[in-house]
Amino acid sequence: MIHLIGPFVLAALLVGIGLAGVLLRRNAVLVLIGVELILAGALVLAVSISIARPAAHAASSVLPLFVMTIAAAEVVLALAVILAVYRLRGSIDLDTPSEEAR
Amino acid sequence: MVLSAALALPAMVGALLVVFGSALGARPSRWVAGAAAVGSAGLLWAGLVRGEVVDVLWVPDLGLRFALRADGYSVPFVLLTSLVLILVVAHTAYEVPSGGSAGGYLGCVLLVGSGALTAFLAGDMVLFFLAFEVVLIPMWVLIGRWGDPHDLAARRDAASRFLLYTAVGSTLMLVGILLLAHRRGSTGFAVDAVQGTGPRAVLIVLLLVLGLAIKLPVFPLHTWLPAAHTIAPTGGSVLLAAVLLKLGSYGLIRLPVLSAPEAFAVIAPWLGLAGGVGVVWGGLVCLAESDLKRLIAYSSVAHMGFVALAVSTGSQLGIQAAIYSSIAHGLIASLLFILVGGLKHRWGSASLTVAREPLREVSPRLGAILVLGLTASMGLPGLAGFWGELLTLVAAWSPAPGRPRSVFVASAIIAAVGAALAAAYVVRVLRLVWLGDAVAGQRGRPIVRVDIRGVEWAVTAVLVAGIVWLGVYPYVLLDLTVVAPAGPAVAP
Amino acid sequence: MNSAVLSLLPAAVAGVGALLVLLVDLVMPRSQLWQRPLGVVILLAATATVPVAWTIGWFAHTDRSGLPEILASIGVPSPARVLQVVALLGAAAALILLGHEHREAPGGLSVAVALVLVSAAGAASAAASVDVISLVVSLEVATLPAVALVALRGRRGAVHASLSLLMTSLVSFAVTVLGAALYLAANSSVVLSAELVGAGLDARTTRPALLLGTVLLVVGMAFKLSLVPFHAWTPQAYREGDLGVVALLVTTSKAAGVGGILAVLRPFIDPPAPFVLAERGLVLALAVLAVASMLIGAVGALRQTRPLGLLAWSTIGQAGWVLLPLTALTDAGRAAAVGYSLAYALATLVLLAVLRRGRALPGQHLSDGPEPAFSGFLGYVRRDRIGGAALVFALLVLAGLPPGVYGLLVKVGVLAALTAEGLWVLAVIAVVGVVLGIAAYARWLAAALGRVPERGAEAAAAGRTAYGALLVLGAGCLLLIVLSVWPALVAPFLH
């Protein structure tokens, strides 16, 4: 299965970069992008597996469809909340505590 | 049915009094509580005479049965609890501690009594644990709410110490019980004992002993007791000494000693040694203690040291000695706490450093009873305390086979030294309180005669009668406990 | 109708109900009175379908030949039914406890009620799911409305809390999807079945992917359950969320998370063959999560001075308690976990209802600011008999002390499940958790039972009664009392 190494490496890279973004960045939008990268890596893995395992074909097509739909909904909600936070606070840094919360 | 009713009656009445007690006056709630306590005692008597046994599957998932039964080991504790419950309720006619309504106070007292009775009658280990826990919250409220009104911080500290120590102890015991139940395939008491001294069996016994040693309490784990005793109201102290500590000694006999005798033998020397050291430690602290109530609390530590030593011998005589010491201590400590509570009520504090008119002059009856209680506490022959200590020393001299005799003999010698210390501190207290430093009528103050009478007199008289009876005629109790109960055989 | 489709009935009723609420809102956009009753009725109807669908006889073993794999794989094993009921009834309680400020929020009450219904639908379906795709989808459907509800409150703190809740939920979503993809890669199937996992663990090539996938799925659930170290969002969301939203988080979201983790672990709990080696690593991972949550949650709760802070941290600790029996990987452990979740959800709901009731009564010193400190509850038992009794009872259930017998019995169940599998080390560590928990709850308890401050004594009966809170409080206490006396009532449904 030499030809699967490419997709697998791509998936691993995407997940790794995404994970680094989630862990290292405190800017909400950058974290959001990190999450999207992890998702993309997972989906690459899911799609490419059907080449090696024909039995998984149906599931490996359905999983990305659902995940993409939900991810789209989440991005909408996330951007709405981030906008609201920016309007109220002028910053979208995740570590800045809000004064009211203290 | 009768036994269940005997337990449900104080529980129900107690719960109702806790919720609606403040609407009811002090007198009506005392009558209601008294009726519940006496009714419960009557029902218990009927149930015990008929030899009733209750056994209903309660929690199928855990195999937990609501099983009640009585045998020679539990009956003394049940009777003691019943008696003390009635006396504590009656004693409120003399004094209701400040901090809340009398109804709430009596409700908590009844709940403690009901939980303790359930624990002594339980035929299932997990039910024993549950009943053990039932006692916890009402007692916590008694200490925290009705405790010594002078010092809020000390009251909080004592109450939470009591709660947390006991919770640690009971949860450790629960883990031990569950391991034991898994090993035996049943949560009932009346199953074959676990044989062998494998690491798992020793672990089970270690957990059980540790948990119960906190409750008893055994020497290094006793630090919650003096604080709780000092702060608790008189009735609460009596319940602590006569009922809650007895849960510890009863549990020690019922769980590790009878359920896993061989594994218990591995730990027993340590327990015996801790008991002996506890006797001396308690005595030494008593020699220097300046608060009378705290002094009696430490003397409780010493007495419970004897119980620990007796239990650890593992012999039939040792178990009898442990039960005898426990019952005797229940009566004597109840008497002393009632007396000291009365003195605190009269004096405003229980400090020994303040020079006061001697009791001999001011209140001769109270003084005489105090002399009797303290000498019983130090183990004077002819009074209840003597037999417990004597039997313990005899049992320690020849422990059950498989135990290092030298350790037990050493512990017995240590404990005997401690008992001698008891004589010293009793004499010290009597000199200070009964004989008195200050001569009556000195400094121009008139002698105020505030002797005990009425309810206080009746309550103490009952306890004195019990102490003398057990002291003169020890076979009442020894005959009851000589027959090993149905169930696991005890090492001879 | 096919029997497998029926298994989605509770979720479908709740989901369609959400649409219905939005449709009615189109017709009468002004009125704010009908949403809550309608939502509660819909949720009760959805709850009623749980036993209906059960009697029709669908669960995991139904013949589903000829169905698409995804649809076929949804079935309801027994403990999941209890979780479905918790999720749906908890959402109903959340609707009742929802604060009035949601009327002024964008979209009004209709949007809030619809969001609660959608969340309940997601949780009901998450508890029922037996494949990773439906699990991922339903969990997000259950979580996202909660994020929106926190944000809709509109205050600065609330929006910030919703941001951290959202980020946590996004990361957990990504981790879960990654776990799902690995699971799919290892097994060539998304169905969480013991046979597949057994085969996957046997093959050398698929084993690492399968174990990694399972652990990632567990971690994803750990976010939802607010287990340490994935708990950071919890205190903020509880503090800033409305009481109704908190009720939704402690019941519906929790049921979804527990249902999810049960689904992930199901292949390991009902195995056709023992997979000893793999289990050891999994048990260790679960044990670390459980113990860390239990202890850190309890210590955090000890440091709190306000009820909602205490509830938030105690949620973390209690989540550890829910996970703890699952380390045994047995049926008894699963029953203990579900029983524990039930006790926790009921007791916390009662506490939230008491808080709502306390706020509705003026002159109770509870209305100073959004969260009263414990000192505001001094002598509460005297001032409000019903609320005070319920408060004490619920706290004792959470602490696991009689008279909250059910709370104690579920703790005994947890420890029994551990000791039966020889995990006595965990049981002994749990002793520390018990005591820390008692210490944490005792502070609120001591305040409520304490002596009444002079100035508050007379204000007792004044003010309007919050009937909704009374209803939740009464129903919760009644259930807990019934379960304390007769725990065998739910026991058959936990296995």
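Helices, here runs of at least four residues, and strands, runs of at least two, are assigned by DSSP and numbered from the N terminus. In this predicted model, the secondary structure of chain B comes to 19 helices and two strands.

**Chain B as a whole**

The C-alpha atoms of chain B occupy a box of roughly 75 × 55 × 40 Å along the principal axes. A compact globule of 492 residues would have a radius of gyration near 23 Å, and the 21 Å of chain B agrees with that expectation. Of these 492 residues, 63% count as buried, and among the contacts between residues at least 6 apart in the sequence of chain B, 82% join residues that are at least 24 apart.

**The contact between chains C and B**

Chain C brings 28 residues to this contact and chain B brings 28 residues as well. On the side of chain C that touches chain B, helices α17 (385-399), α18 (405-420) and α19 (424-449) each supply at least two residues, and α19(C) gives the most, with 11 residues. By class, that side of chain C has 25 nonpolar, two polar and one charged residues.

**A helix pair in chain C**

Within chain C, helix α8 (residues 156-187) packs against helix α10 (residues 207-224) at an angle of about 155°, their axes lying 7 Å apart. Because angles over 145 degrees count as roughly antiparallel, α8(C) is described as roughly antiparallel to α10(C). The crossing of α8(C) past α10(C) is left-handed, and the contact of these two helices has 15 nonpolar, nine polar and one charged residues.

**Backbone details in the loops**

| Site | Feature | Value |
|---|---|---|
| B:Leu216 to B:Pro217 | cis peptide bond | omega near -5° |
| C:Val228 to C:Pro229 | cis peptide bond | omega about 5° |
| C:Ser188 | positive phi | about 60° |
| C:Ser226 | positive phi | near 50° |

B:Pro217 is found in the loop between α8 (199-215) and α9 (224-231) of chain B. In chain C, the loop between α10 and α11 (233-240) holds C:Pro229, and C:Ser226 is also found in the loop between α10 and α11 of chain C. C:Ser188, for its part, lies in the loop between α8 and α9 (194-202) of chain C.

Are the two serines buried or exposed? C:Ser188 is buried, since 20 other C-beta atoms lie within 10 Å, and C:Ser226 also counts as buried, with 28 C-beta neighbours inside 10 Å. The cut-off behind both assignments is 20 or more such atoms.

Conventions
Residues numbered from 1 in each chain as written. Chains lettered and ligands numbered in written order. Predicted model: local features only at pLDDT ≥ 70, side-chain atom pairs only at ≥ 80, totals over all residues. Contact = placed C-beta atoms within 7 Å. Nonpolar A, V, L, I, M, F, W, Y, C, P; charged D, E, K, R; others polar. Axes fitted to C-alpha atoms, helices over the stretch in contact; angles between N-to-C directions. Parallel < 35°, antiparallel > 145°, perpendicular 65-115°, else oblique. Left-handed = near helix turned anticlockwise from the far one by under 90°. Rg over C-alpha atoms; globule rule 2.2 N^0.38 Å. Buried ≥ 20, exposed ≤ 12 C-beta atoms within 10 Å, placed from the backbone.
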